[in-house]
Amino acid sequence: MVEGTVVKISGPLVVASGMSSANMYDMVKIGDMGLTGEILEIHGDRASIQVYEETAGLSLGQKVVSMGIPLSVELAPGLIKSIFDGIQRPLEKMYAMQGHNIARGISIPSIDRQAKWLFKPTVQVGDKVVPGDIIGTCDETEIVEHKIMVPKGVSGTIQEIYEGSYTVVDKIGSVLTEDGTVIDLKMLQTWPVRVGRPYAKKLSPDMPLATGQRVIDTLFPVAKGGVAAVPGPFGSGKTVVQHQLAKWADAQIVVYIGCGERGNEMTDVLNEFPELKDPKTGKSLMERTVLIANTSDMPVAAREASIYTGITIAEYYRDMGYDVAIMADSTSRWAEALRELSGRLEEMPGEEGYPAYLGSRLAQFYERAGRVISLGAKGREGTLTAIGAVSPPGGDISEPVSQATLRIVKVFWGLDSSLAYARHFPAINWLNSYSLYTDNLSAWYEENVSDKWNSKRILFMQILQKEAELQEIVKLVGVDSLSSADRLILEVARTIREDYLHQNAFHEVDTYTTFKKQNSMIDLIISYYTLGKDAIERGVSFGKIDKLAARERIGRIKYVQEKDIQQEAKDILEMMNKEIAEIISQIGG
């Protein structure tokens, strides 16, 4: 155990001498209070340490003790439904012990050592096992089965395996290795947060993460195992988009990181998530959620750790074979923590004061997402989808964090303050957002939704793009100067925007739309466009097409229940065909 002495204190940065035998990224305990820190730099016998707790009251000469291990998280049953801080301390337990103000230097195990879990083995004595093999399961919640895996570096023959109720630190079996060593097996594992968990093979993501949000699923889909960014100015709805994705996305496990966000926002999350009903099971959403709360008033260094803590927990469930979604809200606050620590380390600043390694650190985080085959003799397929909110100052996405993120991610949901002020939510701007997964996902959509899905999506985008061009003309010479065909495009684009892309997160029906319902809505809007276009070519004026009674029903179909959607769409289409036919017959077409 290496012991040193505090020789410099600069906010969350502490320099200690006598640390030449310590290692980079070792965990340390600092001072009489035992503050938790992590070694960032070593120069000679001096170590620069970032402290994850408030350093007020720390003085020179106090002792620094290296723990000899890197910052790690505990992985075991009990993670789901838990609320942790940035370094995986259980906030609910700390609150029960300390009240509202968390005491510094407090050390509580991340995973409850008293709780017992009913362990059911899936292997027998004499079975050969390798790292990643599942040796047994336990029911972590009513809807999540926790799979206990052989830890890294352990392989051999099962010598003992027990069944029954055990704590996470109890022995549940043992493995006899080839060199004759007997290694005890427990449900608890630890993993260093800065090291990605290994896997056997990485696969190309070719299946969409269904979110139920029409603007995302139809125009800018993200693949399971993909990465997406949600940049937007203050008040544009980043957090609501993240909440909607956490609730409705087709993921079996959700890890939500509130990184440097306002305390009242995290309070809303902590209050709302237990109340929200999981649409798939009817149980509380917390039954499949891990929350990491690291608010803006908490020590800035802990923000840096919270992102890694969250993605390591997410990788653990991915390795079990689950589809996992991680929401990081927001990576801008994490980058601010990097900037503050970098400044105190007196590193050469990059653009806008951010460290020169900002891009590589962001890449290290996002690259840990993916669709993989896990380790083990019978590898399981799991996915980890990473969705990061970015909060650029003033909504200016030319700033370094946004630009570095866009170089890495393949989906960009650009939130627009003008849409938010117009009460259009989700405020994702369809003209500057994009998804680079559309080609990868096209085969899945054509096989599972509609064989013409991609051509319909392209038509929607073309109409919206054409509308933007026509609006420039309208601003100059007025709408009356446009031809009937162009006015029809404007009207169809308005229908797409107001009746399809606009979605009410608080309406019990409109909050979530299946692919089947989306396809029916798209077909109706395209039918209105093609029938109207044909009628105009036959000499019908735009004014008559604009007054179709079926139009109002198209606008209301998003509030129709899923079970009634097919019949309603059929009725609207028949009504529209009949109305158009009557108009054409009146002019002798």
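Helix H3 (residues 238–248) is largely enclosed by the rest of the structure, because 10 of its 11 residues are buried. This is a predicted model. The buried set in H3 comprises Lys238, Thr239, Val241, Gln242, His243, Gln244, Leu245, Ala246, Lys247 and Trp248. Several helices and strands supply the surroundings. The helices packed against the buried residues of H3 are H2 (214–219) and H4 (263–275). The strands packed there are E19 (227–231), E20 (253–259), E22 (323–329) and E24.

**Strands around E23 and E24**

Strand E24, one of the elements packed against H3, spans residues 381–390 and pairs with E23. That pairing is antiparallel and runs over four bridges. Within it, Val372 stands opposite Gly382 of E24. E23 (residues 370–373) also pairs with strand E18 (residues 201–203), again in the antiparallel sense, here over three bridges. Lys201 has Ile373 in E23 as its bridge partner.

**Strands around E11**

Strand E11 (residues 134–139) is joined to strand E9 (residues 117–121) by two bridges, and the two run antiparallel. Lys120 has Thr137 of E11 as its bridge partner. Thr137 also stands opposite Lys147 in E12. E11 and E12 (residues 145–149) pair over five bridges, in the antiparallel sense. E11 and E12 form a hairpin, with five residues between them.

**An open sheet of four strands**

E10, E13, E15 and E16 form an open sheet in the order E10-E13-E15-E16, with antiparallel pairing. Strands E10 (128–129) and E16 (182–185) stand at the edges. Each has a single partner strand, so one side of each is left without a neighbour in the sheet. The partner of E10 is E13 (residues 156–161), joined in the antiparallel sense over two bridges. Val129 has Gly156 in E13 as its bridge partner.

The bridge counts are listed here.

| Strand pair | Sense | Bridges |
|---|---|---|
| E18 and E23 | antiparallel | three bridges |
| E23 and E24 | antiparallel | four bridges |
| E9 and E11 | antiparallel | two bridges |
| E11 and E12 | antiparallel | five bridges |
| E10 and E13 | antiparallel | two bridges |

**Helix packing: H5 with H6**

Two packed helices are described by the angle between their axes and the distance between the axes. The axes of helix H5 (residues 300–319) and helix H6 (residues 331–344) come within 8 Å and cross at roughly 130°. H5 is therefore oblique to H6. The crossing of H5 past H6 is left-handed. From H5, the contact uses Val300, Ala301, Arg303, Glu304, Ile307 and Tyr308. From H6, it uses Arg333, Trp334, Glu336, Ala337, Leu338, Glu340 and Leu341. By class, the contact of H5 with H6 holds eight nonpolar, no polar and five charged residues.

**Helix packing: H10 with H11**

Helix H10 (residues 438–448) packs with helix H11 (residues 453–477) at an angle of about 125°, and their axes are 9 Å apart. That angle makes H10 oblique to H11. Thr438, Ser442, Tyr445 and Glu446 are the H10 residues in the contact. They meet Trp453, Asn454 and Arg457 of H11. The contact of H10 with H11 divides into two nonpolar, three polar and two charged residues.

Terms used
Residues are numbered from 1 along each chain as its sequence is written. This is a predicted model: local features need pLDDT of at least 70, side-chain atom pairs count only at pLDDT 80 or more; totals for chains, interfaces and linings use all residues. Side-chain values use heavy atoms; hydrogens and water are left out. Axes are lines fitted to C-alpha atoms, for helices over the stretch in contact, and angles run from 0 to 180 degrees between N-to-C directions. Angles under 35 degrees count as roughly parallel, over 145 as roughly antiparallel, 65 to 115 as roughly perpendicular and the rest as oblique. A crossing is left-handed if the near helix is turned anticlockwise from the far one by less than a right angle, and right-handed if clockwise. Contact means heavy atoms within 4.5 Å. Ala, Val, Leu, Ile, Met, Phe, Trp, Tyr, Cys and Pro count as nonpolar, Asp, Glu, Lys and Arg as charged, and the others, Gly among them, as polar. Two strands pair if DSSP finds at least two bridges between them. Buried means under 20% relative accessible area, exposed over 50%, partly exposed in between (1.4 Å probe, protein chains only).
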